[in-house]
Amino acid sequence: MGVQTGKNLIEVEGLKKYFNVGKGKVLKAVDNLNFYIREGETLGMVGESGCGKSTAGRTILRLYEPTAGSVRFNGTDIYKLSPGKMKAMRRDMQMIFQDPYASLNPRFTVSDIIGEALDIHNMAGSKGERKKRIEELLDLVGLNTDHATRYPHEFSGGQRQRIGIARALAVNPKFIICDEPISALDVSIQAQVVNLLQELQERLGLTYLFIAHDLSMVKHISDRVAVMYLGKMVELATSEELYSNPVHPYTKSLLSAIPVPDPEVESQRKRILMTAEGGGPIRSADEQTEDTAMVEVSPGHWVATPY
Amino acid sequence: MANENKANKQPLPTLSAADFAPVDINQHESEVIKRESLTAWRDTWERLRSNKIAMGGLVVLVLIVIGAIIGPLIAQWVHGYNYKSNDLSATNQPPSSLHWFGTDDLGRDMFVRTWMGARISLIIGLAAALIDLLIGVIYGGIMGYFGGRVDTIMNKFSEILYAIPYLLVTILLLVVLKPSLGTIILALTITGWINMSWIVRGEIMKLKNREYVLASRSMGAGTGRLLFRHLLPNASGPIIVTLTLSVPNAIFAESFLSFLGLGVQAPISSLGSMVENALTGWMFFPWRMLFPALLISIIMLAFNLLGDGLRDALDPSLKNK
């Protein structure tokens with residue numbers, strides 16, 4: 001957990017992303033998100049598959065245009081930026097993707113993959129400078145610099161994910177969205193990649209939005225954790241507080257699903273099942289869903305009401 | 001473990017601590033990749049080279065192209081006649097040392113005319129295929145990349161064009177315009193690009209949501225970079241296969257039109273017009289039909305075999321399906 005200055009780097013306000021699914025129906029993938037991330041902080045975002053975590057991440061980076069709301073980076077609303085200014089802004093915000101097999105262009109060499117951002121932003125003055133920077137980045141993520149001329153299919157999942165991390169770091173970003181960066185990796189490799197991410201955060205002063213569905217890993221890496229359910233945020237608190245004192249029934253249900261590495265405790269563990277209400281995120285286009293309000297139950301611990 | 005011990009009845013050799021030496025863990029050495037680095041194109045070439053049938057097709061094609069280039073020159077050099085020179089005292093001659101493929105009803109040498117015909121047919125086939133490629137990639141690329149309403153409208157347009165009988169369009173066009181090399185290529189490409197555009201559209205739609213494309217967008221890449229560096233290179237496999245298979249289609253269509261008398265006009269010959277010409281006396285002078293017909297068949301077959309081989313080489317997962 002990095003050096004925190006207490007300044008808000010990212011402020012997300014009323015963010016909505018609806019997808020048209022035809023026949024007058026919309027999928028409310030992200031519905032009214034409000035949160036901030038302090039500089040140097042890691043905000044974990046958890047929720048079941050399909051709850052809108054990845055869509056939220058991609059909308060925050062403006063890979064999808066939002067339906068409503070704003071995202072302020074250092075006080076600048078990125079949705080109001082012109083294409084030229086947005087391109088410059090992309091140097092500050094980067095993403096690490098989930099599937100290291102799909103996120104690297106199979107026809108690019110490692111140096112093309114990492115160097116692409118340098119080319120787009122004209123960050124390398126000469127060929128030699130570009131090569132030096134790429135080797136620097138490979139070194140930073142613990143890869144052999146001889147591998148720069150190799151193709152992605154020659155690497156293992158963990159190595160590929162390191163290439164993906166090096167690519168994200170190439171433009172010296174301040175904020176990185178990690179979209180389930182470890183869920184496609186072996187457990188032994190997961191720890192290596194998470195440790196690398198934490199080490200990089202400390203060295204480079206990065207701010208993370210860490211999206212995952214592995215609750216234990218999120219607790220380990222995050223300062224605060226947000227729980228998402230059907231496109232909405234239901235609870236937000238420091239990781240200690242959230243895991244020891246969950247308030248929202250969905251959070252309780254989610255936490256009750258974590259296996260305990262102690263057979264005696266594990267045999268006593270009770271799953272709290274939740275019966276879904278409201279019928280899911282696909283609604284008719286003109287139907288108004290009431291915006292849930294977040295209530296602060298204890299300092300820094302916010303819960304969606306009514307619950 | 002117990003089972004393994006039972007199966008392996010040899011006694012274990014006695015070992016002492018001195019038999020073991022520590023291995024230095026060398027991060028650098030353990031990560032070295034030994035396999036030679038192959039680009040995607042080298043990989044494809046290696047796979048194609050091991051496919052004997054496809055390589056046979058490729059060799060035959062190369063020989064035919066060489067024949068089409070130097071065949072008429074050889075005859076000119078050895079015997080001193082070209083595709084127009086006729087000898088009315090030697091009409092309908094069977095193959096001989098003077099006329100290797102015989103002569104036609106005007107006493108023109110069939111060897112020269114067959115290779116000239118192959119030249120014309122290949123030019124038409126390649127030109128039509130390349131124009132299909134150009135239009136198809138641009139049109140299909142726009143449909144696939146932008147999607148939505150643009151895609152719907154453009155796709156409807158190509159579907160309507162595809163629904164009009166293509167032979168009718170072609171014949172009408174050739175009746176209105178004066179038949180020439182250019183007109184025939186135009187007639188063949190007026191609907192020929194549609195298939196290519198559909199292939200490109202499907203590929204781009206599949207690829208544009210890949211995470212590496214998103215990654216490039218998140219770095220600020222523009223449309224040009226996405227299309228020409230990421231999408232089209234990764235769609236090149238199906239594009240090349242479609243291109244290879246559209247050449248024989250164009251050659252066949254040209255031969256067919258020439259056979260109907262709508263093709264290139266005399267004194268230029270194409271393989272199709274020579275077959276048509278030979279039809280009048282094929283019972284008595286079969287060589288006049290045999291050589292051009294044989295060459296059309298060989299060209300078609302060679303392109304199709306090569307195309308199939310390329311498909312397997314570019315996408316090995318498709319093989320045996």
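**Entry 1: the open sheet of chain A**

I began with the sheet of chain A, where 8 strands form an open sheet in the order β6-β7-β8-β3-β9-β10-β13-β12 with mixed pairing. I am working from a predicted model, in which local features need pLDDT of at least 70, side-chain atom pairs count only at pLDDT 80 or more, and totals for chains, interfaces and linings use all residues. Residues are numbered from 1 along each chain as its sequence is written, and chains are lettered from A and ligands numbered from 1 in the order in which they are written.

I took helices (H or I, at least four residues) and strands (E, at least two) as DSSP runs, numbered from the N terminus. Two strands pair if DSSP finds at least two bridges between them.

I looked up which strands end the sheet: β6 and β12 (293-298) of chain A are at the edges, and each has a single partner strand, so one side of each lacks a neighbour in the sheet. The twist averages 20 degrees from one strand to the next.

**Entry 2: β1(A) and its partners**

I then followed β1(A) (residues 8-22), which runs antiparallel to β2(A) (residues 25-38) and is joined to that strand by 10 bridges. Glu11(A) stands opposite Tyr36(A) in β2(A). I noted 2 residues between the strands of this hairpin, and a positive phi near 55 degrees at Lys23(A). β1(A) also pairs with β4(A) (residues 68-73), antiparallel, over 5 bridges. Here Glu13(A) stands opposite Ser70(A).

I found α5(A) (residues 157-169) lying across β6(A) and β7(A) (175-179), at about 175 degrees to β6(A). For angles, axes are lines fitted to C-alpha atoms, for helices over the stretch in contact, and the angles run from 0 to 180 degrees between N-to-C directions.

The axes of α3(A) and α5(A) come within 7 Å and cross at roughly 25 degrees. That makes the helices α3(A) and α5(A) roughly parallel; the classes are roughly parallel under 35 degrees, roughly antiparallel over 145, roughly perpendicular from 65 to 115, and oblique for the rest. Val110(A), Ile113(A), Ile114(A) and Ala117(A) of α3(A) meet Ile163(A), Ala166(A) and Arg167(A) of α5(A); contact means C-beta atoms, placed from the backbone, within 7 Å. I sorted this contact into 6 nonpolar, no polar and 1 charged residues. Nonpolar covers Ala, Val, Leu, Ile, Met, Phe, Trp, Tyr, Cys and Pro; charged covers Asp, Glu, Lys and Arg; the others, Gly among them, are polar.

**Entry 3: where chain A touches chain B**

I checked the contact between the chains, which takes 26 residues from chain A and 20 residues from chain B. β6(A) (93-96) and α3(A) (110-120) each supply at least two residues of the chain A side. α3(A) gives the most, with 3 residues. The chain A side divides into 11 nonpolar, 7 polar and 8 charged residues.

**Entry 4: helices of chain B**

I looked at α9(B) (residues 211-218) and α10(B) (residues 223-259), which pack at about 155 degrees with axes 11 Å apart. They are therefore roughly antiparallel to each other. Tyr212(B), Val213(B), Ser216(B) and Arg217(B) in α9(B) meet Arg225(B), Leu226(B), His230(B) and Leu231(B) in α10(B). I counted this contact as 4 nonpolar, 2 polar and 2 charged residues.

Last, I noted that Gly147(B), which follows α5(B), has a positive phi near 60 degrees.

Note on methods: Contact = placed C-beta atoms within 7 Å.
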